[in-house]
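Below are a few exercises, each followed by a worked solution.

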Amino acid sequence: MWSALSRLATPLLLALPAAAQQPYAGPVFDAHLHYNDEAQSVVSVGSAFELFRKNGVKAILANSRPNDGTRALHEAWKKSPALGVEVVPFIRVYRSRADYGTWQGNREIHAMIVEEEKRGYYRGIGEFHVHGRDTDTPVLKDIVDFAVAKGLVLHAHSDDEAIEILYRHNAKARVIWAHTGFSLPLARVEEMLGRYPSLRGELSYRSGVADASTLSAEWKALLQRHPTRFLLGSDTWVNERWASYPSIMGGYRRLLGELPKETAERVAWRNAAELFGLK
């Protein structure tokens, strides 16, 4: 059931052979969860929460295209906290696929974000896609300024140039870097972490993290040098990712088992929990 892109996902996100170390067994914060319109027709809200619980996921960063999927998850959790999985809702910038590639210059998107935020429970804006100089628009600057004013975190699927422009728009921004630049050299990733203390990398689809069935030496060292700066996520952007959710989380757990316990717990749970004030 894998799409072509899903088949090219890094080994980090696939079921891996058992490593010598015990897999990480603690709580997980899924910091990149989509509940898009196409998923809602095949995965009910109740089934989604059951899937999270079965995989030890205690909180999710939820966003959807359009935002009604996120609202459905959040409202279910607020109505019944006994579901056991806290929902941290983000405002998506896409009303439909037609907004891809144009949203950053569309005043209607800014107005939609402002109106949606009035619901009073959103914690961020994104995931959004923007690259290079396309980031340098008055509309996107206004969105970044609005996020800072309202204490919202940005979730950016972007290259390093776009991340720099987001911070140039407002140095007080807080940014989750979806996929941590994909294949960007690690020296550049580390440079970005040093330059922007509020930047956090999210690991889905990030190439080079796993070498065959184990953490690569370079990434193992990077995570231990910067244990407070990384999050993990499933990126359920297509329905195949929902079907593969246990394999995705199982892969993370096996790789995290190769790290010191404190580092593994931070990447899996505590970094995101502290960012959003969860216990």
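**Exercise 1.** Which residues does Thr70 touch, not counting residues up to four places away in sequence?

*Solution.* Keep in mind that this is a predicted model.
- Step 1: find the residue. Thr70 sits in helix α4.
- Step 2: list its contacts. Thr70 touches Ala62, Asn63, Ser64, Pro89, Phe90 and Tyr122, once residues up to four places away in sequence are set aside.
- Step 3: The relative accessibility of Thr70 is 0%, so Thr70 counts as buried.
- Step 4: Thr70 and Arg174 are 104 residues apart in sequence, and their C-alpha atoms are 21 Å apart in space.

**Exercise 2.** Work out how strand β2 is paired on each side, and how the chain gets from β2 to β3.

*Solution.* 
- Step 1: take the β1 side. Strand β1 (residues 28-34) runs parallel to β2, and five bridges join them.
- Step 2: take the β3 side. Four bridges link β2 to strand β3 (residues 86-91), again in the parallel sense. Here Ala59 stands opposite Glu86 in β3.
- Step 3: From β2 the chain passes through helix α4 (residues 68-79) to β3, giving a right-handed β-α-β crossover.
- Step 4: look at the cover. Of the seven residues in β2 (residues 57-63), six are buried.
- Step 5: Pro66 is in the loop between β2 and α4, and a cis peptide bond with omega of about -5° joins Arg65 and Pro66.

**Exercise 3.** In what order do the eight strands of the open sheet come, and which are the edge strands?

*Solution.* 
- Step 1: read off the order. The open sheet runs β1-β2-β3-β4-β5-β6-β7-β10, with parallel pairing.
- Step 2: pick out the edges. β1 and β10 (230-231) each pair on one side only, which makes them the edge strands.
- Step 3: examine the β10 end. Strand β7 (residues 199-202) pairs with β10 in the parallel sense over two bridges, and Gly201 has Phe230 in β10 as its bridge partner.
- Step 4: step back into the loop between α9 (217-225) and β10, where His226 lies. His226 has a relative accessible area of 18%, so His226 is buried. Leaving out residues up to four places away in sequence, His226 touches Glu190 and Leu193.

**Exercise 4.** Describe how helices α3 and α4 pack against each other.

*Solution.* 
- Step 1: get the geometry. The axes of α3 (residues 45-54) and α4 come within 10 Å and cross at roughly 75°.
- Step 2: name the contacts. Val45, Ala48 and Phe49 from α3 meet Ala72, Leu73, Ala76 and Trp77 from α4.
- Step 3: sort them by type. The contact has seven nonpolar residues, no polar and no charged.

**Exercise 5.** Phe182 and Tyr205 have positive phi values. Where is each residue, and is it buried or partly exposed?

*Solution.* 
- Step 1: Phe182, with phi near 55°, is in the loop between β6 (175-177) and α8 (186-195). Its relative accessible area is 31%, so Phe182 is partly exposed.
- Step 2: Tyr205, with phi of about 60°, is in the loop between β7 and β8 (210-211). At 9% relative accessibility, Tyr205 is buried.

Notes
Residues are numbered from 1 along each chain as its sequence is written. This is a predicted model: local features need pLDDT of at least 70, side-chain atom pairs count only at pLDDT 80 or more; totals for chains, interfaces and linings use all residues. Side-chain values use heavy atoms; hydrogens and water are left out. Buried means under 20% relative accessible area, exposed over 50%, partly exposed in between (1.4 Å probe, protein chains only). Two strands pair if DSSP finds at least two bridges between them. A crossover is right-handed if, with the strands pointing away from the viewer, the path from the first strand over the helix to the second runs clockwise. Axes are lines fitted to C-alpha atoms, for helices over the stretch in contact, and angles run from 0 to 180 degrees between N-to-C directions. Contact means heavy atoms within 4.5 Å. Ala, Val, Leu, Ile, Met, Phe, Trp, Tyr, Cys and Pro count as nonpolar, Asp, Glu, Lys and Arg as charged, and the others, Gly among them, as polar.
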